[in-house]
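Let us take a friendly walk through this model together.

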Amino acid sequence: MKSTATASYNSIAKTLHWLIALGIIFMLTLGWCFDFFPKGESRFFAIQLHKSVGITILLLVFLRVLWRLTHAAPPFPATMPLWEQRAAYAGHFLLYAAMICMPLSGWTMVSASAHNIPTILYGLVPWPNVPGVQDSPHRELIDHVTDFIHANLALAFAALIVGHAAAAWRHHLVAKDDILLRMAPRFVHGILYRLRGQK
Ligand code: HEM
């Protein structure tokens, strides 16, 4: 029998969640595949695309944080133990932190780069450097630190995403509650119910 999805995220929250999620998976994959692009025009194109999608994600995350600060998330089911609710809040907080720090570190890194290659979003819209970074006496240090953060945070971010997705599937298939369904688009609900043996 289908359980009743009492409180669900609305379509704005779902759209932002899935656009950002797909964008981040694309960005991690592209970032880890740069070396497969031959040096020259194609690697340059890959990095420009990476910068464009990364800044787009930063803007979407800004909207998402605004939305989240002005709308309460639906409450967790009463059956969910307190420790698990706290772990979920902590996980979500870390995901938000990574969603903000990952594009900010990338943007600061390119702003501090000795190459100082202009960022033109999708080859169309000029995007500025982070103010004050290129002319800073600490430019080289900023470049190294943000490069280190960007590369290592990517690994932590991927681990967080895997944990987040695993927890959502555990809710769906083991606890059989509506946690996954409330963030899933309506058109996949039927498939999700069938996956756990419900019609
Ligand atoms: C959610 C957003 C982002 C994700 C998930 C992401 C992910 C990654 C990953 C996984 C790498 C490879 C790290 C390594 O192992 O060395 C990378 C490299 C890089 N990223 Fe990002 N990135 C994001 C946003 C940005 C933004 C906004 C910019 C700049 C505007 C940027 C610029 C770069 C550059 C320049 C590199 C190094 C390319 C190279 O020289 O090898 N990234 N990124």
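The second largest pocket has a volume of about 1000 Å³. A pocket here is an open set of points on a 1 Å grid over the protein atoms alone, where a 1.4 Å probe fits and protein lies on both sides within 12 Å along at least five of seven lines; lining residues have an atom within 4 Å of a point. Grid points are joined across faces, edges and corners, and the volume is the space filled by probe spheres set on the points. This is a predicted model, in which local features need pLDDT of at least 70 and side-chain atom pairs count only at pLDDT 80 or more, while totals for chains, interfaces and linings use all residues. Residues are numbered from 1 along each chain as its sequence is written, and side-chain values use heavy atoms, with hydrogens and water left out.

Around the second largest pocket there are 36 lining residues, and Phe34, Ile47, His50, Met109 and His150 lie nearest its centre. Helices α1, α2, α3 and α4 each give two or more residues to this lining, and α2 gives the most, with nine. Helices (H or I, at least four residues) and strands (E, at least two) are DSSP runs, numbered from the N terminus.

The largest pocket has its own set of residues at the centre: His17, His92, Leu95, His164 and Ala168 lie nearest to it. At least two lining residues come from each of α1, α2, α3 (82–112) and α4 (139–175).

| Pocket | Volume | Lining | Classes in the lining |
|---|---|---|---|
| Largest pocket | about 1400 Å³ | 47 residues | 36 nonpolar, six polar, five charged residues |
| Second largest pocket | about 1000 Å³ | 36 residues | 20 nonpolar, eleven polar, five charged residues |

Now for the chain itself. It has five helices and two strands, which run α-α-α-β-β-α-α from the N terminus on. Its C-alpha trace spans about 60 × 30 × 25 Å along the principal axes.

How do the helices pack? Axes are lines fitted to C-alpha atoms, for helices over the stretch in contact, and angles run from 0 to 180 degrees between N-to-C directions. Helix α1 (residues 11–32) and helix α2 (residues 41–70) have axes that come within 10 Å and cross at roughly 150°. That makes α1 roughly antiparallel to α2, a label for angles over 145 degrees. Their crossing is left-handed, meaning that the near helix is turned anticlockwise from the far one by less than a right angle. By class, the contact of α1 with α2 has 17 nonpolar, five polar and one charged residues.

Next, α2 and α3 pack at an angle of about 145°, with their axes 9 Å apart. The crossing of α2 and α3 is left-handed. In their contact (heavy atoms within 4.5 Å), the α2 residues include Lys51, Gly54 and Arg68, and those of α3 include Tyr96, Pro103 and Trp107.

Finally, the axes of α3 and α4 come within 8 Å and cross at roughly 150°. These two helices are therefore roughly antiparallel to each other, and α3 passes α4 in a left-handed crossing. The contact of α3 with α4 divides into 15 nonpolar, eight polar and five charged residues.

Terms used: Angles under 35 degrees count as roughly parallel, over 145 as roughly antiparallel, 65 to 115 as roughly perpendicular and the rest as oblique. Ala, Val, Leu, Ile, Met, Phe, Trp, Tyr, Cys and Pro count as nonpolar, Asp, Glu, Lys and Arg as charged, and the others, Gly among them, as polar.
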